[in-house]
Every structure is written in structure tokens, then in C-alpha cells.
Amino acid sequence: MGSSVLRPQALLAIATFALILGGCASPADRAAMTPQNLTVSKHYPHSLGVQTSGGAQTGAMDSSNVSDADLKAAIEDAVSQSKLFKTIVQGNNGDYELSVRVTSLSKPLFGGTFTVEMETAWSLTKTSDRSVVMRKSVKSSGTATMSDAFAGVTRLRMAVEAATRNNIEQGIKAVAELNL
């Protein structure tokens, strides 16, 4: 008899605890996805257009995702800050076109330490003759622990941002190894 009285209270306590820990998901922040102090050995005198695909918007009841627009902005910021290309252009008017497609974003559902695995497909095309000069799969991961954030949604967002930041850094370094 006593257990039937406690059940609604226990369910309420569990739901309240889950809301405190869970909260609402927020999308990955483009500034947090941009590698900072990225240095490359080459600085190409060409212009670059960037296109992204495969990302997803973050819904209120969803977990953190990387949108195409935020991924594009983070890549453009990283290219500009590293001075890998002389200029970034919008559309197809650049000397080169970089296409980055998110092929997988694996996220844990719960836990104390969140490790997110990300894979993207990078393709660099010379616009004048449409020749592909680089095609590469880039795999990365990012981890956030309870010491980074107590709230699970924040910890997951931080892990997604770290995986994306690592992915962008690896992709840009691969482009910097080319002779354009």
C-alpha cells in the first residue's frame, strides 16, 4: 500500500532530476567549433568557396547537432584566421571550392564522460577545370567530462564542439599539405 503512494512522488522526483540534469538542448556554437591559433605552413594566393552538407539543426527535444551554416562559418573562420587562402568568397566564384559533408556524428545518450565521434568527407576542387585535387575522409572525436559541465546537455554540446573543432583542424592541415 505504501509503495503506491510513493510511486507518483518517486516519478515526480525522477522527472525533476532528469529536467535539472537534462534541460533543453542547444546547438553547437560556431565560435567554439573554430580551431584557435591554428598555424599552417602554406598560404595559397587563391580564393576559396566553402560548401557544407549533412549537418542537422538542433531541435528543442533533440541532442546537440551541427548545422550546415554553423559548420560552414567555422571552417571559413579557421581558413581566414590561418590565412590558408587569400580570400573566402561566397558561391562558386572562387579559384577553389571546398566541400565538407558530415557523414556521421555519433553521440552517447548518457554518462559522466561524453565522447562524440565525427566523420566528414572533405573534397577540394579547382573551379577552372573542375578537377578534384583532394578527397579525404576525416575522423575526429571530442570528449567532455563532469568537470567541464554538470548538465548533460551542456556536456554533450561541448563534446560535439570539440569533435567538430578537431575535425576542422585536421581537414585544414590536410589541405595545407597540398601544392596548389
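Analyst: Strands (E, at least two residues) and helices (H or I, at least four) are DSSP runs numbered from the N terminus, and two strands pair if DSSP finds at least two bridges between them. Val116, for one, has Gly142 in E5 as its bridge partner. This is a predicted model, in which local features need pLDDT of at least 70 and side-chain atom pairs count only at pLDDT 80 or more, while totals for chains, interfaces and linings use all residues. Residues are numbered from 1 along each chain as its sequence is written, and side-chain values use heavy atoms, with hydrogens and water left out.

User: In what order do the five strands form the open sheet?

Analyst: Strands of a sheet pair through backbone hydrogen bonds, either parallel or antiparallel. Here the order is E2-E1-E3-E4-E5, with mixed pairing. Strand E2 (85-89) and strand E5 (131-144) are at the edges with a single partner strand each, so one side of each has no neighbour in the sheet.

User: Which residues of H3 meet H4?

Analyst: Contact means heavy atoms within 4.5 Å. Leu71, Ala74, Ile75, Ala78, Val79 and Ser82 in H3 meet Thr164, Ile168 and Ile172 in H4.

User: Which strands does H3 lie across?

Analyst: Angles run from 0 to 180 degrees between N-to-C directions, along axes fitted to C-alpha atoms, for helices over the stretch in contact. H3 lies across strand E1 (44-53), E2, strand E3 (96-106) and E4, at about 165° to E1.
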